[in-house]
Amino acid sequence: MTLLKRFYWRNGAVFGLLAASLWFAGKAGYMEAKAELAQHLLEQAWMKRLQDGREYKPWPWADTTPIARLSFPDQDLHFVVLSGASGRNLAFAPAHMSASVMPGQNGVSVIGGHRDTHFAFLQWLHVGDQFELQNPNGKYVSFEVEEIIIADVRRSEIRLDSQEPVLALVACYPFDSSDVGGPLRYMVLAKRCCEEPASKSAI
């Protein structure tokens with residue numbers, strides 16, 4: 001191969017890699033922008049519901065609506081919770097399993113989230129940590145982490161009966177696994193502490 005041909009080949013490979021890198025970077029930027037837009041639309045739909053109590057879809061073709069909002073002040077994290085824990089809904093936000101009670105009601109309310117996105121921070125919560133749930137009526141309910149469990153769905157199940165409001169925040173486990181799904185679940189169980197008036201300013 002002549003020096004000139006070698007030069008063209010090498011530069012062609014470099015330009016090809018550069019083009020591929022820019023394409024992937026552009027795609028990543030697009031996905032990030034899409035995620036940010038989705039969060040804005042979710043917050044917007046939630047604020048509308050707080051104003052008049054009606055359910056609003058975050059976008060016209062959505063098959064879900066916001067039903068609650070979780071706030072974790074120590075982590076500076078806030079999440080709108082969607083109804084129906086389908087794969088499509090979980091891609092945008094934590095979602096409520098419809099077989100469980102609504103968040104804040106007596107009983108165990110199960111809210112799922114992906115371990116590599118919205119619920120990745122669960123691994124850093126500790127027993128005694130507190131966070132807040134905002135209901136559609138605007139009231140804030142404080143919850144305190146009481147127990148953290150790693151469960152195998154093949155051998156155990158979440159009991160949904162309780163005489164007081166309990167939240168079960170659930171993500172696949174382990175957090176650093178590259179395998180999709182799996183039988184293990186990381187569960188953060190939290191009980192209600194107290195309830196704040198609806199006039200409390202949004203966090």
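Student: What volume does the second largest pocket have?
Tutor: The general idea comes first. Rolling a probe the size of a water molecule over the atoms shows where empty space is left. Here, the second largest pocket holds about 270 Å³. This is a predicted model, where local features need pLDDT of at least 70, side-chain atom pairs count only at pLDDT 80 or more, and totals for chains, interfaces and linings use all residues. Residues are numbered from 1 along each chain as its sequence is written, and side-chain values use heavy atoms, with hydrogens and water left out.

Student: Which residues lie nearest the centre of the second largest pocket?
Tutor: Val-108, Ile-158, Arg-159, Val-166 and Leu-189 do, out of 13 lining residues. The lining splits into 6 nonpolar, 1 polar and 6 charged residues. (Nonpolar covers Ala, Val, Leu, Ile, Met, Phe, Trp, Tyr, Cys and Pro; charged covers Asp, Glu, Lys and Arg; the others, Gly among them, are polar.) Strands β6 (140-152) and β8 each give at least two residues to this lining.

Student: How much space lies in the largest pocket?
Tutor: The largest pocket has about 560 Å³. It is lined by 26 residues, and Gly-112, Val-170, Ala-171, Cys-172 and Arg-185 are the closest to its centre. Its lining divides into 14 nonpolar, 7 polar and 5 charged residues. The largest share, 3 residues, is from β7.

Student: How many helices and strands does the chain have?
Tutor: There are 2 helices and 8 strands. (Both are DSSP runs numbered from the N terminus: helices are H or I with at least four residues, strands are E with at least two.) Along the sequence, the pattern reads α-β-β-α-β-β-β-β-β-β.

Student: What share of the residues counts as buried?
Tutor: Of the 203 residues in the chain, 34% are buried. Asp-161, in the loop between β6 and β7, has a relative accessible area of 49%, so it is partly exposed. Asp-76, in the loop between β1 and β2, has 59%, so it counts as exposed.

Student: Which residues have the most contacts inside the largest nonpolar core?
Tutor: Leu-70, Phe-72, Leu-122, Phe-131 and Leu-169 do, in a core of 23 residues. (A core is a set of buried Ala, Val, Leu, Ile, Met, Phe, Trp, Tyr and Cys residues joined through side-chain atoms within 4.5 Å.) β1 (66-72), β2, β5, β6, β7 and β8 each supply at least two residues of this core. The largest share, 4 residues, comes from β1. Another core, of 10 residues, lies apart from it and includes Trp-46 and Val-80.

Student: With which residues is Leu-70 in contact, leaving aside its neighbours within four places in sequence?
Tutor: Among them are Leu-77, Phe-79, Ile-111, Phe-131 and Leu-169. (Contact is heavy atoms within 4.5 Å.)

Student: How many aromatic pairs does the structure hold?
Tutor: A pair of aromatic rings is described by the distance of the centres and the angle of the planes. This structure holds 11 pairs. The rings of Phe-72 and Phe-79 have centres 6.3 Å apart and planes at 65 degrees, so they are edge-to-face. (Rings of Phe, Tyr and Trp, its six-membered ring, pair if their centres lie within 6.5 Å; planes under 30 degrees apart are stacked, over 60 edge-to-face, the rest tilted.) Phe-79 and Phe-119 are edge-to-face too, with centres 6.4 Å apart and planes at 80 degrees. That pair links Phe-79 in β2 (77-83) with Phe-119 in the loop between β4 (107-112) and β5 (130-134), 40 residues apart. Phe-72 is buried at 1%, Phe-79 at 7% and Phe-119 at 0%.

Student: Which peptide bond is cis?
Tutor: Most residues other than glycine have a negative phi, and most peptide bonds are trans. Here the bond from Tyr-173 to Pro-174 is cis, with omega near 0 degrees. Asp-76 has a positive phi of about 55 degrees, although it is not a glycine.

Notes:
Buried means under 20% relative accessible area, exposed over 50%, partly exposed in between (1.4 Å probe, protein chains only). On a 1 Å grid over the protein atoms alone, a cavity is a set of points where a 1.4 Å probe fits but cannot get out, and a pocket is an open set with protein on both sides within 12 Å along at least five of seven lines; lining residues have an atom within 4 Å of a point. Grid points are joined across faces, edges and corners, and a volume is the space filled by probe spheres set on the points.
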